[in-house]
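My notes are below the display.

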Amino acid sequence: MPQSDLREVALLLREHDDVAVATRDLAAGEVLRHDGRELTVAGPVPRGHKIALRDLPNGTPIHKYGQVIGRTTTGVRAGDHVHAHNLGMATVDHEYEFGTALTEIPPAEYGRTFQGYRRADGTVGTRNFVGIVTSVNCSASTARMIADQFRGPIMDVYPNVDGVVALAHDSGCGMVPASEGGQILLRTLRGYASHPNIGGILVLGLGCEMIGVDTLLAGLPDDSDTIVERLTIQDTGGVRATVRAGADVVRTLLERLNERRRETFPASKLVVGLNCGGSDGYSGITANPALGHASDLLVAQGATTVLAETPEVFGAEHLLTRRAVSKEVGQRLLDRIAWWHRYVEAGGGTLDNNPSPGNKAGGLTTILEKSLGAVAKGGSAPLTAVYEYAEKITDKGFTFMDTPGYDPVSVTGLVAGGATVVVFTTGRGSVLGGKPAPVLKVATNSETYQRMSEDMDLDTGGIVTGALTITGAGEQIFEAILAVASGQPTCSEDLDLGRDEFIPWQLGAVT
């Protein structure tokens, strides 16, 4: 069988790594030249999966990205496929450092701009929506009925409004408002109700719920110019009467919001959420580091970027604490990791229950490996703040929000915190959308991009082939963010996705 140089068929991410990542399917018996010796592929190694570069006895720590991603669970020979059958989770005791790896991101020489909507509180929206915010699940169907009156050609008479979105959820009653779960729900609902991308809201309740309309409205900021209306189904006369009354309210809101126009603003006004889902073996090699470069470009402009998904930074949190601007910021991240350990253990699991089956099919084996690739979305800028779920994002620069790894719940928290654009990387393929914040989807490999071209906005697969650099791909993502922020629709917006992806994180007892 003909020989190939390892670099032609696999990626060695760090000089002393124990494994390389296949860039095409490798067949048993192929001979690869590496480091002055021959390496015979022992069995099939799928694209995106790992191949051992040396003999590794049972119990050996395996390094990828220069970091430990697990330990062998049996003896591994050079040329073997390294995956779940011979690689398991490893206990890694990190000595946490704070602020020891701060990389200064110098201000950009030229200030970039986008076209957005001015808000009275100083924030800037990238979209102009009417939101129907439900206080309780009992009003969810009614909210959707109202919103459905404003789909299709009827919206043509309101060219400056992006739509009417029903923010319906599965909770709101049977929980104590002061509880942890109640506070998370209230933060989420209030965050959407006062979001820069929503110019007017109809708050809709049943009338007897524990988290009612008055409770929700009591926490809205005083300096907002959001137009606020309210209805309760019991007082209005039932579902049909409320749909009629709600439609009248929405028409009035649409007429008023249609008077608003986009203006030019500096890129420093952007708040960009960084998320991923359906990750594969290329995620930490292509799309995630490219998004990290885009994040650094945004930080250089004075903007805010927000990494999330706490269970998917576990094992790589030491890299983030080293970038924390203070011990307090770094410790807050560690406190959230500790909370997650307690939370998962109470449910009978561990944080290594993640990766998902799809992640593993794509080449990821342990949460340590997945997390090392996931944190690449955060670039190299200092970590300036750590937020709890749906907490209002106020700091500039690179920040972090505590969210689950479940994509729609994570993105809901980011948007509730104030993200006005979300960039979402995917290797296996994702159909996630978002309202009121647009979701820009970036494929990690060209095969997924081509197979799901109507769902993907950008392709970073060229990084593997050498047709594209991480820097070049990051610049493409940065330019796409500015275009989307200025009104260019994403693929998910073309499909009118986003209503059903509003899923607040549910915690605590329901009585």
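I am working with a predicted model. I looked up the strand order and found an open sheet of four strands, 14-13-15-16, with parallel pairing. Which strands stand at the edges? I find strand 14 (163-167) and strand 16 (227-232) there; each has a single partner strand, so one side of each has no neighbour in the sheet. From one strand to the next, the twist averages 20 degrees.

I followed strand 13 (residues 129-134) along strand 14 and noted five bridges in the parallel sense. For a reference point I took Ile-132, which is opposite Ala-166 of strand 14.

I looked up the packing of helix 2 (residues 140-148) and helix 6 (residues 239-257): the angle is about 45 degrees and the axes are 9 Å apart. The two helices are therefore oblique to each other. I logged the crossing of helix 2 past helix 6 as right-handed. On the helix 2 side, Thr-142, Met-145 and Ile-146 make the contact; on the helix 6 side, I listed Val-239, Thr-242, Val-243, Gly-246, Ala-247 and Val-250. How do the residues of this contact divide? I have six nonpolar, three polar and no charged for helix 2 with helix 6.

I then turned to helix 7 (residues 287-300) and helix 15 (residues 470-485), which pack at about 60 degrees with axes 7 Å apart. That angle makes helix 7 oblique to helix 15. The crossing of helix 7 past helix 15 is right-handed. From helix 7 I listed Pro-289, Ala-290, Leu-291, His-293, Ala-294, Leu-297 and Leu-298. They meet Ile-470, Thr-471, Ala-473, Gly-474, Glu-475, Ile-477, Phe-478 and Ile-481 of helix 15. I sorted the residues of the contact between helix 7 and helix 15 into 11 nonpolar, three polar and one charged.

Terms used
Residues are numbered from 1 along each chain as its sequence is written. This is a predicted model: local features need pLDDT of at least 70, side-chain atom pairs count only at pLDDT 80 or more; totals for chains, interfaces and linings use all residues. Side-chain values use heavy atoms; hydrogens and water are left out. Axes are lines fitted to C-alpha atoms, for helices over the stretch in contact, and angles run from 0 to 180 degrees between N-to-C directions. Angles under 35 degrees count as roughly parallel, over 145 as roughly antiparallel, 65 to 115 as roughly perpendicular and the rest as oblique. A crossing is left-handed if the near helix is turned anticlockwise from the far one by less than a right angle, and right-handed if clockwise. Contact means heavy atoms within 4.5 Å. Ala, Val, Leu, Ile, Met, Phe, Trp, Tyr, Cys and Pro count as nonpolar, Asp, Glu, Lys and Arg as charged, and the others, Gly among them, as polar. Two strands pair if DSSP finds at least two bridges between them.
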